[in-house]
Amino acid sequence: MSLLQFCKTERQKAVISRVEKGASQRDIAKELGLARSTVVSHVDTVKGYAAKQGYSPEHDYTHPVPDGFTVKGVSSYYGEDGKLVGQWVKSLSDKERQLELLVERMENSLDAVKPFKPTKPPKTTDDRLLSLLTITDFHVGSACWEAETGDNFDTKIAADIFLNAMHDMLAACPNSKTGMLNILGDFIHFDGINLQPVTSGGGHVLDADTRYTKIVDVSMSIVREAVKMMLKRFERVVVVVAEGNHDISSSVWLRKYIKHLFEGSRVEVIDNPFPYYAYLHGNCMLGFHHGHKMKLANLHKLFASEPRFREMWGQASAGVYIHSGHLHHERVVEDAGAIAELHPSLTGRSSYEARGGWYSMRGAKVITYDKLEGEVHRTTIRPRL
């Protein structure tokens, strides 16, 4: 068996292929233009990957587990002569690697999705304006019973509320050139692990309205319709589908679906596996994070210090505006030159919230930003059927 199958980068493959042909580390370093210590590091890294999957011949580990799993433990049995006579390999699922494999499969399967036919842009728009339409914590697939929680909410109601909200927000927008659909996490109520309504991290059982397959169909349908509505209203459309704690993997396939469906049109999808997202509109920086990894009061520190966002932060003379959700209510924090805002939700009040005594006004916001002046307009809309 070759170590090549455990390599994750082209550089690792280049090093390992030469190692397996018998080349010395010094010769490999010279041929590839690397330091010898770098070659050693690549070899050790790949051997570490292999060992995690149960392949390390120098330790008599010769039965690797499938990709997407990792070795939990190995019990080896040796005879009196010191030779290996038996081995018991225990494995468990590697959730991070399984998500990588899921993304790869989605990318391959979405190649068959028929692209959306481009439409004509509106005739007159204001180049300086961007209107941000934020939907957070919508929880498609959740079930709320009015007698218990004060709200009725199911998948059909969710579809009606979402599309009406899009209509109302678009009607409230100025004549902006750019429209941004900000789906800020937990758009889908659960990830469908074994098609069951449980959270991805803690395995908490959730109140679900319907089957995961139907939730997928409804989610794809209403988001597709929302983007089509925005294409009629704006010359450019930008889409963020942020990771939430309820839809860690579902947010991936929804983002990939929109990206492939509208490829070649006037739609840009921020396709980023990092759960923090940013966009520069002129001299105005917009940041996004669901809120499950970092609290609102600390988000400005991350966006200012994260290497991939530093240049953008430095150009944002018109202001930095960071958007978050997760808690289903409103709050604004201004600190260190940034305004961080917690957005409300349009979803119904859940049993968990009602029994815990938590209540907040349901709503969604459309905020318009000027390239040179920052925020210039906002409207709050309420849910309606």
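**Terms and values**

Mentor: The protein exposes about 19,200 Å², and carbon and sulfur atoms supply 51% of it. Accessible areas come from the Shrake-Rupley method with a 1.4 Å probe, and for residues only the protein chains shown count as cover. This is a predicted model, in which local features need pLDDT of at least 70 and side-chain atom pairs count only at pLDDT 80 or more, while totals for chains, interfaces and linings use all residues. Residues are numbered from 1 along each chain as its sequence is written, and side-chain values use heavy atoms, with hydrogens and water left out.

Trainee: How many helices and strands does the protein have?

Mentor: There are 11 helices and 15 strands. These are DSSP runs numbered from the N terminus: helices are H or I with at least four residues, strands are E with at least two.

Trainee: What makes strand β9 mostly covered?

Mentor: Four of the five residues of β9 (277–281) are buried. Buried means under 20% relative accessible area, exposed over 50%, and partly exposed in between (1.4 Å probe, protein chains only). Of the 385 residues of the protein, 48% count as buried.

Trainee: How do you know that β9 and β10 pair?

Mentor: Two strands pair if DSSP finds at least two bridges between them. β9 and β10 (284–288) have five, in the antiparallel sense, so they meet the definition. They form a hairpin with two residues between them, and Gly 282 in the turn has a positive phi of about 60 degrees. His 281 stands opposite Cys 284 in β10.

Trainee: Why are α1 and α3 called roughly perpendicular?

Mentor: The axes of α1 (residues 10–20) and α3 (residues 36–52) come within 10 Å and cross at roughly 95 degrees. Axes are lines fitted to C-alpha atoms, for helices over the stretch in contact, and angles run from 0 to 180 degrees between N-to-C directions. Under 35 degrees counts as roughly parallel, over 145 as roughly antiparallel, 65 to 115 as roughly perpendicular and the rest as oblique. The two helices are therefore roughly perpendicular to each other.

Trainee: Which strands stand at the edges of the open sheet?

Mentor: Six strands form that sheet in the order β8-β7-β6-β5-β14-β15, with mixed pairing. β8 (267–269) and β15 (374–381) stand at the edges: each has a single partner strand, so one side of each is left without a neighbour in the sheet. Elsewhere in the sheet, six bridges join β5 (residues 126–135) to β14 (residues 364–370), and these strands run antiparallel.
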